[in-house]
Amino acid sequence: MASSKELKDRSRKDYPYMLEYRTRWNDNDMYDHLNNSVYNFLFDSVVNAYLIDYCGLHPPTSAQHPLMAQTHCNYFSPISYPKVAELCLRVNKLGKSSAVYEVALFEKDVEQVKAVGEFVHVFVDRTTQRPNANGMNSQLRQGLEKLVVGPSSSKL
């Protein structure tokens with residue numbers, strides 16, 4: 001993952017995909033900003049929305065599905081209800097059976113990034129819950145390749 005300074009300098013143009021999310025009253029915590037756990041929910045949501053819409057993933061029935069292997073977040077400034085979040089997505093590394101996503105959270109109409117997270121998926125066969133010897137299927141790979149930014153090879 002990039003340095004904290006590099007992440008803080010991210011802009012929307014660094015990401016090929018964006019999804020809006022209208023924050024909800026219950027997303028706020030007692031400190032009157034988005035609770036930290038909501039960020040993971042949002043990262044999971046933008047990644048899976050992309051997988052469903054552009055990679056042919058059907059969560060209940062797809063022969064292969066993703067398992068989250070790791071998540072991490074750098075928080076730079078808060079966002080709170082009733083603001084609209086813009087969730088921007090890219091793939092920093094695409095392996096044989098894995099993808100390392102970077103998700104940036106921006107507040108609509110605000111230039112500076114609020115948070116940048118890393119989200120790692122390993123794609124497994126539904127029956128074995130293990131990565132396929134041939135890696136992820138071609139529809140998943142082709143969809144994810146459209147989001148790749150920078151080096152993209154990995155042994156996973």
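The structure is a predicted model, in which local features need pLDDT of at least 70 and side-chain atom pairs count only at pLDDT 80 or more, whereas totals for chains, interfaces and linings use all residues. Residues are numbered from 1 along each chain as its sequence is written, and side-chain values use heavy atoms, with hydrogens and water left out.

The protein chain contains three helices and five strands. These elements are DSSP runs numbered from the N terminus, a helix being H or I over at least four residues and a strand being E over at least two. Read from the N terminus, their order is α-β-α-β-β-β-β-α.

The C-alpha trace spans about 45 × 30 × 20 Å along its principal axes. Contact here means heavy atoms within 4.5 Å. Of the contacts between residues at least 6 apart in sequence, 73% join residues at least 24 apart.

Of the 156 residues, 46% count as buried. Buried means under 20% relative accessible area, exposed means over 50%, and partly exposed lies in between, with a 1.4 Å probe and protein chains only. The protein chain exposes about 8,400 Å², of which carbon and sulfur atoms supply 52%; accessible areas come from the Shrake-Rupley method with a 1.4 Å probe, and for residues only the protein chains shown count as cover.

In soluble globular proteins, nonpolar side chains tend to be buried together. A nonpolar core is defined as a set of buried Ala, Val, Leu, Ile, Met, Phe, Trp, Tyr and Cys residues joined through side-chain atoms within 4.5 Å. The largest such core in this model has 32 residues, and those with the most contacts inside it are V47, L51, L89, Y101, L105, F123 and L144. Two or more residues come from each of β1 (17-22), α2 (36-54), β3 (84-94), β4 (98-107), β5 (113-125) and α3 (138-145). Helix α2 gives the most, with nine residues. A second, separate core of seven residues includes Y15, C88, A104 and V116.

Residue L51 touches G56, L57, P66, Y101, H121, F123, L140 and L144, not counting residues up to four places away in sequence. V38 is placed in helix α2 and is buried, with a relative accessible area of 10%. V38 and Y81 are 43 residues apart in sequence, and their C-alpha atoms are 12 Å apart in space.

Most residues other than glycine have a negative phi, and most peptide bonds are trans. The peptide bond from Y81 to P82 is cis, with omega near 10°. P82 is in the loop between β2 and β3, and K83 also has its place in the loop between β2 (64-75) and β3. At 38% relative accessibility, K83 counts as partly exposed. Leaving aside neighbours within four places in sequence, K83 is in contact with Y21, R22, T23 and E107.

D109 is in the loop between β4 and β5 and, at 75% relative accessibility, counts as exposed. Q129 lies in the loop between β5 and α3 and, at 37%, counts as partly exposed.
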